[in-house]
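Me: I'm new to this structure and would like a close look at a single part of it. Could you pick the open sheet and walk me through it, along with whatever sits around it?

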Amino acid sequence: MHFSPRSALAIYQREMARAFRTAFQSILSPVLTTSLYFVVFGSVIGARMEPVGGVPYGAFIIPGLLMLTLLGETTSNASFGIYMPRFTGTIYELLSAPVGVAETLAGFVGAAATKGLILAAIILGTARLFVDYEIAHPLLAAVYIMLVAASFALFGFILGIWADSFEKLGIIPMLILTPLTFLGGTFYSVRDLPAPWDAIALANPIAFLVSGLRYSFYGVADVPIAVSLWLTLGFLGVCTIIIAVIFRTGWRLRE
Amino acid sequence: MSEPILSIRGLTKTYANGPRALDNVDLDIRAGEIFALLGPNGAGKTTLIGAVCGLVRPTGGTITAFGHDLARDWRAARARIGLVPQELATDMFETVWRAVSYSQGLFGKPRNPARIEEILRSLSLWDKKDAQIRALSGGMKRRVLIAKALAHEPELLFLDEPTAGVDVELRKDMWEQIAALKQRGVTIILTTHYIEEAEEMADRVGIIQRGRIRMVDEKRAMMERLGTTEAVIELAAPLAAVPEALAGFGAVLSEGGTRLTYRGGNGQGRGRAEVAQLAQALTRAGIGFTSLDIHDSSLEDIFVGLLGQEQEAA
Ligand SMILES: Nc1ncnc2c1ncn2[C@@H]1O[C@H](COP(=O)(O)OP(=O)(O)O)[C@@H](O)[C@H]1O
Ligand SMILES: [Mg+2]
């Protein structure tokens, strides 16, 4: 199979430049949201909460909050990244270039993973201002964050190709992603839920993502880390296959 | 003739719940030529370009560029093809420089700032290199699109209506740019519905209508074959019939015998020569005339005539 690193790099750099162009917004917005959550849940409410699994409540919610912002930002960023060129017509260039699905994804997803890491660093830095915490497995956390960012960049990419209006573009993150993340144990351990809600909560795939990240932070998890990792990798794989099929058939890309 | 640089066979495109935009199109493009695809709006010009450049999936037929079958070896072929689209689709917030350098990288070329500078200078965009594209005028945006299309040094360049909506002065300017590209050895396919443009620029012209190529020929040959010279001679005194001395010219009388009209020639000077002979014959025969008006048919007349026939046939 052919792969042109220069093409992939060009797409990567352009995606990164796009993020830096709106750097103010991309940094300020997560800093502000995270701060608000920490003021309300971390400090005010958290002070009256029991530690969860030995972790003080304020620290306990960090991975969940990180996941909440990461999923939302990555998905919408990637979906805009491909939707806007379709909308304005600039996608003609990508379609007429000697570039296949591999370069396109390497560029888009690589950039999304990088942005995910930067975003995570910003959120963790902000969190540090409010609560004290140690990350048990920093390397695992970094890899996991990149993996999740890459998966949801692919997911956002599919969304951006599927959507034929701005409304549809915004509806999935708002109607599905945010509620599932909230219900996925951002602010609590799903194991603390009364039966049958603990089992029902585990039907939510995002609970596994939150749990995985929480494991990398504090060594405690609702489900084994291996399960979270495999689930993430599986999601990544499925999204990649869907995009490969989209490129092969030209669905919504080529008339 | 050498191998065509682009060879299209039986190309057909039917849009989903849409019309048949291309109907069994055969077309060969020669290396180094400027080929004008001339046709009214909706004829299928953009669709044809889209099919070659990978924006449109053909319903049937084959496209071969540089000897590569586009269905299989699209990478190799696309690396050598450039496209300037009809719509002014640009990344508004990007600067000119970044936009062009992105194109260079996207097409797999190593970074080459000297080449970009050369392109921007040749298109008079150099002093705008750090400007955001949204701040540029329509004509300038079109140039940015050309610069982007040239960034990977294509050997075959498509220009889809390069002068649509461009004022006369800019249009002349664009023609010069295109001529300069040809000088550099780039093969150019441009679409237009300005006949004047095809006449001015093209080595060969293809006339397309309702998805079918009606005619492809050297511009000159086309005008030779179909071009005519028309001469209208207003006579000093009415004639009852065309005199014997003028019989060979095939001229006809009208307006109560006061107007003599000649139609003939090959669009390449023979008509004018015959009109001169006709005028001399009139003088020799002692027939006076007050005015003589000559008009060579242009590509426009050919075009309108051709489409008119089609309309009647339909
Ligand atoms: N995306 C599309 N979906 C459906 N029909 C289309 C589409 N694009 C073009 N057409 C139709 O195909 C025909 C040819 O269009 P086009 O190639 O744009 O013509 P031209 O460029 O010569 O003006 C027209 O009838 C047009 O309406
Ligand atoms: Mg068109």
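Reply: Let's start with a term: two strands count as paired if DSSP finds at least two bridges between them. Keep in mind that this is a predicted model.

The open sheet in chain B has 4 strands, and their order is E12-E13-E11-E14, with antiparallel pairing. In general, strands of a sheet pair through backbone hydrogen bonds, either parallel or antiparallel. At the edges of this one you'll find strand E12 (252-254) and strand E14 (289-296) of chain B, each of which pairs on one side only. Going from one strand to the next, the twist averages 20°.

E12(B) is joined by 3 bridges to strand E13 (residues 259-264) of chain B, and the two run antiparallel. Look for Val252(B) there: standing opposite is Thr261(B), in E13(B).

Next, the neighbour. Helix H9 (residues 270-284) of chain B lies across strand E11 (229-235), E13 and E14 of chain B. Relative to E14(B), H9(B) runs at about 170°.

Thr46(B) counts as partly exposed because its relative accessibility is 39%, and Gln86(B) counts as partly exposed at 27%.

How values were computed
Residues are numbered from 1 along each chain as its sequence is written. Chains are lettered from A and ligands numbered from 1 in the order in which they are written. This is a predicted model: local features need pLDDT of at least 70, side-chain atom pairs count only at pLDDT 80 or more; totals for chains, interfaces and linings use all residues. Side-chain values use heavy atoms; hydrogens and water are left out. Buried means under 20% relative accessible area, exposed over 50%, partly exposed in between (1.4 Å probe, protein chains only). Axes are lines fitted to C-alpha atoms, for helices over the stretch in contact, and angles run from 0 to 180 degrees between N-to-C directions. Contact means heavy atoms within 4.5 Å.
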